[in-house]
Amino acid sequence: MSSRSHLLNDRTAEHYRRSLTEGVERVAAKLAGAEQPFTGITPAELDPTVAAVNLDQPLGTAREALDELERVYLRDAVYFHHPRYLAHLNCPVVIPAVLGEAVIAAVNSSLDTWDQSAGGTLIERRLIAWTAERIGFGRAADGLFTSGGSQSNLQALLLAREEACRLVRKNSETSPTTPQILSRLRVLASECSHFSIEKAAVLLGLGPEAVISVPCDEQRRMRPDALAEQMARCTREGNVVMAVVATAGTTDFGSIDPLPAVADLCEQAGTWLHVDAAYGCGLLTSGRRRELLSGVERADSVTVDYHKSFFQPVSSSAVLVRDKDTLRHVTYHADYLNPTRSVEQGLPNQVDKSIQTTRRFDALKLWMTLRVMGADALGELFDEVVDRAAEAWRLLTDDERFEVVVAPQLSTLVFRYVPRDHTEASLVDQANLHARDALFASGEAIVAGTVVDGRHHLKFTLLNPETSLADIAAVLDLIAGYAEEYLGAHAPALSAARAG
């Protein structure tokens, strides 16, 4: 075949149809036949297979490439659709969104300027308006799709930084330079906030020390009294709180900060409030729990990750702002792309409000989902996993083998295997780590881990409505078995060492 025969165009449409059909059939077969979420393969086992591929010698046909792909990827991929994948914030995806993904790849629109995307621009804008309305923002709101929560948080804090610098200059009798202002800026976020907040501070030239950790209560939610103390302290020290970051669904606990109380403090101080709702945004479609996001409408910016609790394929995130005028801080004009005359012509160029230039039409996935399923159906799916987490919490609290940290607000459970004989805490730590690793190596199930108050814990993140309480109970039995196996092998040796 000639090189041109691989280009997707009017003459190769049938080749495109056959190739994608064969690929879809392969993936469908893997999905249908996945008996567990993972094979347990190690990097050392798989690396030689991948390394042996000669990338300079093409196979020639899609079928041969798919055969090879089976060996280097599909056979050993982690399948999030399996009900015993319980680890990270990875969701099973809905079919309409996957259909949208196929359209995105084939048409290959770039959502930076109107002359590259046309209808795609309007679809993205319509979905941003729809999300803003669900949040409770007014008509002045705006935003755009991003690659994920980390980028959404970065852009929100970039806008907050520029607004803070503008206000400092406006209220200063002198003319402070940008470096002089940046050294005084602070970001207040709870001790359970996402690590991307600190990373954003570094990328924005503030340094990690600019992020001040605010203590949480027993439910792992930001304490308003502690926030007020830190805000007052910043003022006394001559620093400027450029933003407060509240979290609606922390990664470890799914906890939701008290948004109304946090918003009150920000409003009184004239401080930018950003709500990281990357996880909790699924509540925007919930028919039973929407009130958990009460207060989010008072934020200056909000992060949502549709690829978490809206069951969308990666990537699908957005950052929204209550006042679209603040997006001017990322507006730059290039003569070849979006010259200033395009503004005069009224062309809707999305690059004018993005920190990206070339950008995928990820909005189409959500569009297809809403047009086929509807928002209520998404809300039902998210409510179902939250219900399951509540049931699992009761299961854990009734099981003497485990202790659970907090009752879940969303669908995350952090817990720990604890032997009845009160074995040394460090040994229990190792037993929990071993249980997680052994479970992963078996491929029977996948759970996550974290550290709470200096001790190693395990974590269930439930995002699959297909996960049953029976699945969860079975995984708990596996965890206990692996932990007991470890303690059986190591506790006697420890006791002997102490006796000696």
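How many salt bridges does the structure hold? In this predicted model, the count comes to 39.

Start with Lys30 and Glu70, whose side chains meet in a salt bridge at 3.1 Å, N to O. This one links distant parts of the chain: Lys30 sits in helix 1 (residues 13-33) and Glu70 in helix 3 (residues 62-72), 40 residues apart. Glu70 is partly exposed, with a relative accessible area of 24%. There's also a network of salt bridges to look at, made up of Glu22, Arg26, Arg63 and Asp67.

Next, find Arg289 and Asp383, which form a salt bridge at 2.9 Å, N to O. Arg289 is in the loop between strand 6 (272-277) and strand 7 (301-305), while Asp383 is in helix 15 (residues 375-397), so the pair ties together parts that are 94 residues apart in sequence. Both Arg289 and Asp383 are buried. Now turn to Arg328 and Asp325, with their closest N and O atoms 3.1 Å apart. Here Arg328 is partly exposed at 35% relative accessible area, and Asp325 is partly exposed too, at 43%.

On to the rings: the structure holds 8 aromatic pairs. Tyr306 and Phe310 have ring centres 5.1 Å apart and planes at 90°, so they meet edge-to-face. Both of these residues are buried, and ring pairs join Tyr306 and Phe310 with Trp130 and Phe145 in a cluster.

Phe402 and Phe415 are edge-to-face as well, because their planes are at 75°, with ring centres 5.7 Å apart. Since Phe402 lies in strand 9 (residues 402-404) and Phe415 in strand 10 (residues 412-417), the pair ties together parts 13 residues apart in sequence. Phe402 and Phe415 are both buried.

Terms used: Residues are numbered from 1 along each chain as its sequence is written. This is a predicted model: local features need pLDDT of at least 70, side-chain atom pairs count only at pLDDT 80 or more; totals for chains, interfaces and linings use all residues. Side-chain values use heavy atoms; hydrogens and water are left out. Rings of Phe, Tyr and Trp (its six-membered ring) pair if their centres lie within 6.5 Å; planes under 30 degrees apart count as stacked, over 60 as edge-to-face and the rest as tilted. Buried means under 20% relative accessible area, exposed over 50%, partly exposed in between (1.4 Å probe, protein chains only). Helices (H or I, at least four residues) and strands (E, at least two) are DSSP runs, numbered from the N terminus. A salt bridge is a side-chain nitrogen of Lys or Arg within 4 Å of a carboxyl oxygen of Asp or Glu.
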